[in-house]
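Please examine the sequence and the model shown below before reading on.

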Amino acid sequence: MRPLLVSLALIGMAITGPATAGQGVVELSVDVSKTGAKIDRNIFGQFAEHLGHGIYDGIWVGPDSTIPNTRGIRNDVVDALRAIRVPNVRWPGGCFADEYHWRSGIGSPRVVTLNPNWGGVIEPNSFGTYEFMDFLDQIGAEAYISVNVGSGTPREAAEWLEYLTTAQPTTLARERAANGHLAPYQIGFLGIGNESWDCGGNMTPEYYLSQLKIYSRFVRNFNPVQQDKQQMLKIAVGPGGGEPRWTEWTEAIMRAYQHHTWSWDIDGLSMHSYTVGQWPPSFASTNFGEAEYSQVLKLTLAMDDLVSKHSTIMDKYDPQKKVALVVDEWGAWYAPLPGSNPGFLVQQNTLRDAILAALNLNIFARHADRVRMANIAQMINVLQAMILTDKEKMVLTPTYYVFKMYAPFQDSTFVPIALDAGTYTHGNITLPRVDAIAAKDTTGKLWLAITNLDPRQTIEVEASLAGITAKSATGETLTAPKVDSVNTFDAPNTVVPKPFTAEVQGAKLALKLEPKSVTVISVKQ
Ligand code: AHR
């Protein structure tokens, strides 16, 4: 259920008027006794496709590399990802998944193939099933495997799952053991195809549905510990936007789900939505000003309408919200960096992206009853990445720090807030000045995440807290000198969080939010 208070706040925002300067203190109120849905930790999921340097160089350097590694996997990257508590990683694609044949990536020697989707480069398959599962083990995340529906077969996918999950001494299990892993793996999530309406085979909803039913029936997880509890969740291909062809797609899948029989089922419907503006992507990822800053943030806020639109369709066929909306590709998609291979989707990551990430995470949290999983695209060196690498060098992006600051929201309980946000205007773009969410973590501690979108004005926020007596409120704030400030290999600390303290004034907190900043605080009682 979308909290009424937030909706009222948005109406309030719309009638507040366009002026930026001269707007007073922003009032925010939270009543901790009014809680909403759980903010599933899986909305902080990641996506790692065989694309550019996302896997090779980004994760995998091979055991003989001079770059410190554990069984070929970079130690610096593992340490950084552990610190943001990555809940799950979607792999091996993306479009790559519908051309991936898992047997190319097991045993020795590996089958060398091509990657026609992404630059037509050689795919050595050195990073395959064993390496992916080892990587997950090292970072402490769950597997979200996308199986090949486009150019594979149900049998191929079923055998991959048997290879991964059976505890019985089948031929495939023996092969897994011979390849280094005796025990069955746990697979948390199964993606049945990727963008099957486009790069995944340009299917009609009806054709995809017939495939979905077959894959859902036959691609089984045999792991004994995943039979009753911790069952593998099956995620169907869902929409890629809000236009009629996507709403028809959601209608078709959900209508079929409503009447599904014992022989097939789904637990999630995927949705892909990039902040892109137009295709091909034309916004520059660096060296931009306030105009592009405000345009991109305006575009990203459309995620809320898109989620609402598809949630409304899902509600019609699944009022109990059994099927999650899984936003398993989201983030900013800009023009490739000049001089980079355009097929590698290389872009910089600025303070604007940190704010964009916070706004989207807030949207997912407000829709936490339906959005129970999301995967930012992509984890390393591709699109809106957490981490950039260049040989032995590694740098953490502004987006990384937002994920780190938001980690306490994983599995927290949403607390609705009322917010009179006001507006910030640049040219013909008007945005809320402030966006915020609140949640209680599993220990009952209250957390607030507040973003000041205005790149020029410090904003004072007065937060009234009902049901809690605050003794102190501290946390971190993330900002930088410019909207396009970046962290580089040579200057990695331009956009990093710094300590933040709110003033406690009786039952209220007074916060001074720096321009263009993301702030996360916890309240001590
Ligand atoms: O993330 C890059 C690509 O974007 C993915 O491979 C595809 O699913 C989407 O179109």
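The account below moves from the disulfide to the ligand, and then to salt bridges, helices, a loop and a surface patch.

The model is predicted: local features require a pLDDT of at least 70, side-chain atom pairs count only at pLDDT 80 or more, and totals for chains, interfaces and linings use all residues. Residues are numbered from 1 along each chain as its sequence is written, and side-chain values use heavy atoms, with hydrogens and water left out.

The structure holds one disulfide, the term denoting a pair of cysteine sulfur atoms within 2.5 Å. Such a link is a covalent bond between the sulfur atoms of two cysteines. Here the partners are Cys95 and Cys199, whose sulfur atoms are 2.2 Å apart. The link of Cys95 and Cys199 is left-handed, with -95° about the S-S bond. It connects distant parts of the chain, 104 residues apart: Cys95 belongs to the loop between strand 6 (88–91) and strand 7 (113–115), and Cys199 to the loop between strand 10 (189–192) and helix 6 (205–218). Helices (H or I, at least four residues) and strands (E, at least two) are DSSP runs, numbered from the N terminus. Cys95 counts as buried, at 13% relative accessibility, whereas Cys199 counts as partly exposed, at 31%. In these terms, buried means under 20% relative accessible area, exposed means over 50%, and partly exposed lies in between (1.4 Å probe, protein chains only).

Which residues come nearest to the ligand? Of the 14 residues around it, these are Glu49, Cys95, Glu195, Tyr274 and Glu329; a residue is near a molecule if one of its heavy atoms lies within 4 Å of it. A backbone N or O atom of Cys95 is 2.9 Å from an oxygen atom of the ligand. Taken alone the ligand exposes 280 Å², of which the protein buries 93%. Accessible areas come from the Shrake-Rupley method with a 1.4 Å probe, and for residues only the protein chains shown count as cover.

Charged side chains form another theme. The structure holds 23 salt bridges, each being a side-chain nitrogen of Lys or Arg within 4 Å of a carboxyl oxygen of Asp or Glu. One of them pairs Asp76 with Arg74, with the closest N and O atoms 3.0 Å apart. Arg74 is buried, with a relative accessible area of 0%, while Asp76 is partly exposed at 23%. Another joins Arg155 and Glu159 at 2.9 Å, N to O. Because these two residues are four apart in helix 4 (residues 154–165), about one helical turn separates them. Arg155 is exposed, at 62% relative accessible area, and Glu159 is partly exposed, at 25%. Lys391 and Asp390 form a salt bridge in which the closest N and O atoms are 3.8 Å apart; Lys391 is exposed at 60% and Asp390 partly exposed at 31%.

The C-alpha atoms of Leu161 and Arg220 are separated by 6.3 Å, although the two residues are 59 apart along the chain. Helix 10 (residues 398–405) is largely enclosed by the rest of the structure, because seven of its eight residues are buried. Among them are Tyr400, Tyr401 and Phe403.

Asn341 is placed in the loop between strand 13 (324–332) and helix 9 (351–366) and is partly exposed, at 29% relative accessibility. A polar atom of its side chain lies 2.8 Å from the backbone nitrogen of Gly343. Asn341 and Leu361, 20 residues apart in sequence, are 30 Å apart in space, C-alpha to C-alpha.

On the surface, Val112, Leu114 and Ile122 form a nonpolar patch with about 310 Å² of accessible area together. Patches are made of residues with over 30% relative accessible area and no salt bridge, like charges being joined within 9 Å and nonpolar side chains (Val, Leu, Ile, Met, Phe, Trp, Tyr) within 5 Å. Ile122 lies in strand 8 (residues 121–123) and is exposed, at 56%.

Terms used. A polar contact is a pair of N or O atoms within 3.5 Å; within protein, one must be able to donate a hydrogen and the other to accept it, and residues adjacent in sequence count only if both atoms are side-chain atoms.
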